[in-house]
Amino acid sequence: MVVFHTDKLGLSVTFGVYVLMFYADYAIVYQVIEYGKHESSTSRTMQMLLTHVLLIMCIFCHLRAMLSDPGYVPLPRTKIDFSSDLEMVTTTIVNGKKKQPPAIDAWTPCSKCETYRPPRSHHCRKCRRCVRRMDHHCPWINNCVGEKNFKYFFSFVVYIAIYTLYGFILVINDWRVHYGDDKQTPADKVMTLVLFFECAIFGMFVLAVGSGQVIAILCDRNAVEIRRYGHPKRFPTTPRMVLIQGMCGRGSKLLWLVPCVAPRIPDPIPPSKYASALNASVHNV
């Protein structure tokens with residue numbers, strides 16, 4: 001299912017991301033690689049090819065993350081009466097004491113979507129839908145990061161990290177080789193300097209985001225769950241490979257960072273007390 005949000009802020013941020021990526025590609029190719037006349041034509045061709053391949057992978061991963069269903073919980077055709085369940089799971093203050101949130105592995109009702117949602121699903125105010133294993137609503141991709149598009153989002157972060165590191169190394173090497181060279185115009189020097197700061201700042205930001213996602217995978221808790229339940233006291237006993245497969249799919253490891261292959265993640269099976277109501281009333285929208 002193709003998803004597209006018309007949120008103005010999200011679209012503006014997404015446009016800015018593409019401007020930065022295309023500017024980096026132009027500056028790397030025409031201000032750094034083309035300027036490196038001391039290298040052989042074969043070497044410069046390979047560097048240009050790698051630059052364009054990384055850009056294509058970044059764009060492809062971003063589009064898949066932005067346009068893919070993050071794991072929306074089906075909406076009901078008819079209203080489901082779950083008032084008693086809602087009272088049990090709502091976090092409120094009673095007699096000066098705060099009730100505990102529902103168990104992390106429990107099916108819970110959503111008063112906004114008016115349906116039962118699988119464990120670890122959360123309601124997104126931007127999307128106005130419940131999302132399975134929702135991590136956050138990301139303005140970079142103008143979409144939620146959930147169970148079904150996490151692979152694409154994480155792949156985008158990885159390729160952006162490689163792209164910025166690659167550009168940073170090329171700029172540093174270019175400055176080292178051409179130190180004191182006055183052949184570049186002031187405008188070219190400014191563009192190279194802007195590329196340097198873009199790679200440095202964007203790279204540090206992506207590194208922080210990527211490391212946070214890796215920790216979330218290994219802790220088996222996403223950003224929403226960490227805010228609600230806190231950080232776990234210790235890493236789960238579940239094998240790390242199983243945790244990674246839970247987010248990137250159960251296919252071949254070689255395909256984890258390939259955006260053209262969708263992750264194979266099974267749909268949750270509702271408990272018997274919810275199954276009849278859900279099967280009779282929900283539909284995918």
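Q: Against which elements do the buried residues of H2 pack?
A: This is a predicted model, in which local features need pLDDT of at least 70, side-chain atom pairs count only at pLDDT 80 or more, and totals for chains, interfaces and linings use all residues. Residues are numbered from 1 along each chain as its sequence is written, and side-chain values use heavy atoms, with hydrogens and water left out. Helices (H or I, at least four residues) and strands (E, at least two) are DSSP runs numbered from the N terminus, and buried means under 20% relative accessible area, with a 1.4 Å probe and protein chains only. The buried residues of H2, among them Thr 51 and Leu 54, pack against helix H1 (8-33), strand E9 (143-145) and helix H4 (150-177).

Q: How are H2 and H4 oriented to each other, roughly parallel or roughly antiparallel?
A: Their axes, lines fitted to C-alpha atoms over the stretch in contact, with angles running from 0 to 180 degrees between N-to-C directions, lie 8 Å apart at an angle of about 155°. Angles over 145 degrees count as roughly antiparallel and those under 35 as roughly parallel. H2 and H4 are therefore roughly antiparallel.

Q: Which residues does Thr 51 touch, not counting residues up to four places away in sequence?
A: Thr 51 lies in helix H2 and is buried, with a relative accessible area of 0%. With contact taken as heavy atoms within 4.5 Å, and leaving out residues up to four places away in sequence, Thr 51 touches Asp 25, Ile 28, Val 29, Ile 33, Tyr 163 and Tyr 166.

Notes:
Buried means under 20% relative accessible area, exposed over 50%, partly exposed in between (1.4 Å probe, protein chains only). Angles under 35 degrees count as roughly parallel, over 145 as roughly antiparallel, 65 to 115 as roughly perpendicular and the rest as oblique.
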